[in-house]
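I am opening a notebook page on a structure that is new to me. The entries below record what I looked up, in the order I took it.

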Amino acid sequence: MKITIYRPQHFRNLISLNGRRSGLHLLGALAIGLLFSHHADASFVGSYAFNNFTLKDTSTCGLDTPNGSAATPDNGLSVVLTGSDSGSGCPGTTDLTAAAAAAGTVAFQYSYSSTDLPGNDIAGYLLGTAFTKLADTSGQSGTASFAVASGQRFGFRIVQDNQGGPGILSVSGFTAPGGSAPAVPEPGTLSLLAVSLGVVVAKQLVSRNRVNKAVTVA
Amino acid sequence: MMSFSRSLIGLALGAALPLAAQTQNHYVGSIATGQLTRTAVVNLTQLAQSQLLQAQSVLSYPYPEFKPTKLFPKLSASTIAVALATPSMQSLPIGVSGLFGFNALSHYDQRQANNGNQFSVEPPSPSIAVANGYILEGVNNAVQIYSMTGTPLLPKVLATNQVFGVGPAIDRSNNAGTGYGVFPTDIRVYYDQGISRWFVLQRAQDEDVFGNNLNSSHLYIAVSQTSDPTQTYNVYTMNTTDAANPRCPCIADYPQIGSDQYGFFVSVNEYDTFYNQFVDAGILAISKSSLAAGSLAPTMESFSIPFQSGYEFAIQPATTPPGAVSFLANGGGEYFVSSQSKFFPDNNLALWLMSNTSSLGGAFPSLSLTQTTVAALPYITPDVAIQRPGPLPLGSTLGGALAFLDGGDTRILSVSYAGGKLYTTLATQVADSQPKLLVGGAYAIMSPTFRSGTLKGTALRVGYLGVQNNSLLRPAIAVNAQGKGAISFTLVGPDYFPSAAFIPIDALTTGSTVLIQAPGVAPEDGFTGYPPNGSVARWGDYSAAVAASDGSIWMGAEYIPNGPRTPKANWGTAIFRYIP
């Protein structure tokens, strides 16, 4: 689910709303923040935590030792899938897949890079065993979405020839059913949100008291 | 008899391709099975133990202390605009490594091997192989096997003559003047992880019992019967005279070792025996399975590469570290890299691929060799290196001054293939900030591809290695399966006696400091640097670097140790380990 308010910057943003704003303004800003944070924070957490994905390399050569890899450079906000480039010259695939936690729509943004010439490595997504090509030329990017059934495996794939440099697929803004759902925070998230709101309201009250005292003194 | 096939087909076949296409040159070989035959079986431990029972020979009369200096196989090359072309480099600071290492074979060890029935030899051409808890080191012309802590495992250093089952280089107990035997040189050792076998390789020009050179030559390859380097080896011999070549009889100089999944490759430079003129390059592709099985006549195909563009010289085969994979498509393939030897300066490297190497598993191999060029970085033949002054026990007796050290040429010195990248090194002249012309190193990390019969390469990262006011000699690179490794070399100059040093490197970064592993304690003081041999001492011709199965990098380099020497030379080697 959402990790928005675990992020220090967001937390600072929340508590920086000072008492000069009205409570309505405060709540409105929080709501807007939550809405906007949906795009920035959709990520590989919860059911789709990076560790819940499976990395698998295949090669048409039995002696090959493919070296595809995957990583999340930003604690789950995005995932980078790097295709194998073992040097064998043998065609193969590097997959990063997970099971859908629920039926619904998977959506994400992607960008593709490679030092190899266009067409020698191909990046795309997997739905079951069906592969859909997204990019084969360095610099290509876009968005993609598709429907999954509950329990169905899906993910990302690099199709490669294990030479000339790997294909690299970066995926961000990832949302999937039963995973990141912006309108329905998890209980833990709600608790933290409540704490945050409490802090802000308390500061608001303190601020008001100071104002009131000032008025009194004046 | 050696019979290199001489076929060059289809120069510039890439002409119809887009402008950016790299020209393709194709070569075909000929089946040479039967030319390399098993001639002996030796057990190194037994040989070394038998040495313990023999008294050390001290007689040298009537024989000289050393053979004529090793062949100096540089090609004549244009040096036009050398100063203008010399690349300037960012001088690296120098530090101390603190790594584990030990003193390995020295000139003293080499000369005393085989009960002293050896010549004094310079340079050592150090070579190492590491696996299974063993380190095999070879120098001209002796071997020792060490544990991983540097303990010698053979009770005596062996001459390679013993390893190859031939008589001593010189029988110093023979007072009739007829004690000359085989004089092997240009040693290479290797461990092949695919077949778990150790290799010792050398070449020799034949001579009569009086020491006169004959117009014939041989290649010797010892292959262990097991994964234990201290035990029994099958010895293979090949006549490399190439008498069918109108420009020969020849010697197969500068033999270099590489391997892929299926083949064991030896590249050579053919020089004629009369004038020591370069004739052409050759590559032998030998079935690894045949060698592992101890076949009497391993399956083999030979290639002869005529000297045309200048890249057909010292074609260095690639080695693949443990855990990495060689090129497997197109029936398997072995990459090679060479540099320009004809026209200087240059900034291209030649990339070669020998494909369909899996056919070496059958009786009728049909390999194909393709070559193209890759834009890399400017390089130019280096001049000599200057030494820090110091005591010269030999030089003072010969009237010689402090010798220069041979800076070598720009031939490719090492090639490692890991993760689809070729890591390679060569020597080049460089200029520091003064600018002062120095001997430095160059490296290139390339991405090769072979698709639909077209060989291409891209230089991903290139760079120079150099230090202020001093030189780096004979850079050798090795990387592990993750592409992390190091480059070993000798550091020498006005500020340093010849010292073993290295620098870490990987696919993306190069270390910021040259690290001294074994500081030299004196100048090189060997016979090749004094009259009548001139004023430039032989050095190298290599450094050594290999990756072990645990990902560590073992290196070896020539330096001047604080240890026993002979009256004729004082070189030694250091072996050390770097963990990336």
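This is a predicted model: local features need pLDDT of at least 70, side-chain atom pairs count only at pLDDT 80 or more; totals for chains, interfaces and linings use all residues.

Entry one, on a glutamine.

I then asked which element holds Gln110(B). Gln110(B) sits in helix H3 of chain B, which covers residues 107–112.

The side chain of Gln110(B) reaches the backbone nitrogen of Val121(B), at 3.3 Å.

Entry two, on an isoleucine. I moved to Ile31(B), which belongs to strand S3 of chain B, residues 30–31. Its relative accessible area is 40%. Ile31(B) is therefore partly exposed, as 40% falls between the 20% and 50% limits.

I looked up what Ile31(B) touches beyond four places in sequence. The list I wrote down is Met300(B), Glu301(B), Phe364(B) and Pro365(B).

I also took one distance from Ile31(B). Gly167(B) is 136 residues away from Ile31(B) in sequence, and the two C-alpha atoms are 31 Å apart in space.

How many residues of chain B are in contact with chain A? I noted 19 residues of chain B, against 18 residues of chain A. Together the chains bury about 1,200 Å², and 48% of that lies on carbon and sulfur atoms. On the chain B side, Val325(B), Leu328(B) and Arg451(B) lose the most area to chain A, and together they make up 43% of what that side buries.

The rule finds 2 salt bridges across the interface of chain B and chain A. Arg451(B), already noted for the area it loses, forms a salt bridge with Asp161(A), with the closest N and O atoms 2.5 Å apart.

Strand S26 of chain B, residues 437–451, gives the most to the side that touches chain A, with 5 residues. By class, I listed that side of chain B as 10 nonpolar, 7 polar and 2 charged residues.

How values were computed: Residues are numbered from 1 along each chain as its sequence is written. Chains are lettered from A and ligands numbered from 1 in the order in which they are written. Side-chain values use heavy atoms; hydrogens and water are left out. Helices (H or I, at least four residues) and strands (E, at least two) are DSSP runs, numbered from the N terminus. Buried means under 20% relative accessible area, exposed over 50%, partly exposed in between (1.4 Å probe, protein chains only). Contact means heavy atoms within 4.5 Å. Buried area is the accessible area (1.4 Å probe) that two parts lose on being put together, summed over both. A salt bridge is a side-chain nitrogen of Lys or Arg within 4 Å of a carboxyl oxygen of Asp or Glu. Ala, Val, Leu, Ile, Met, Phe, Trp, Tyr, Cys and Pro count as nonpolar, Asp, Glu, Lys and Arg as charged, and the others, Gly among them, as polar. A polar contact is a pair of N or O atoms within 3.5 Å; within protein, one must be able to donate a hydrogen and the other to accept it, and residues adjacent in sequence count only if both atoms are side-chain atoms.
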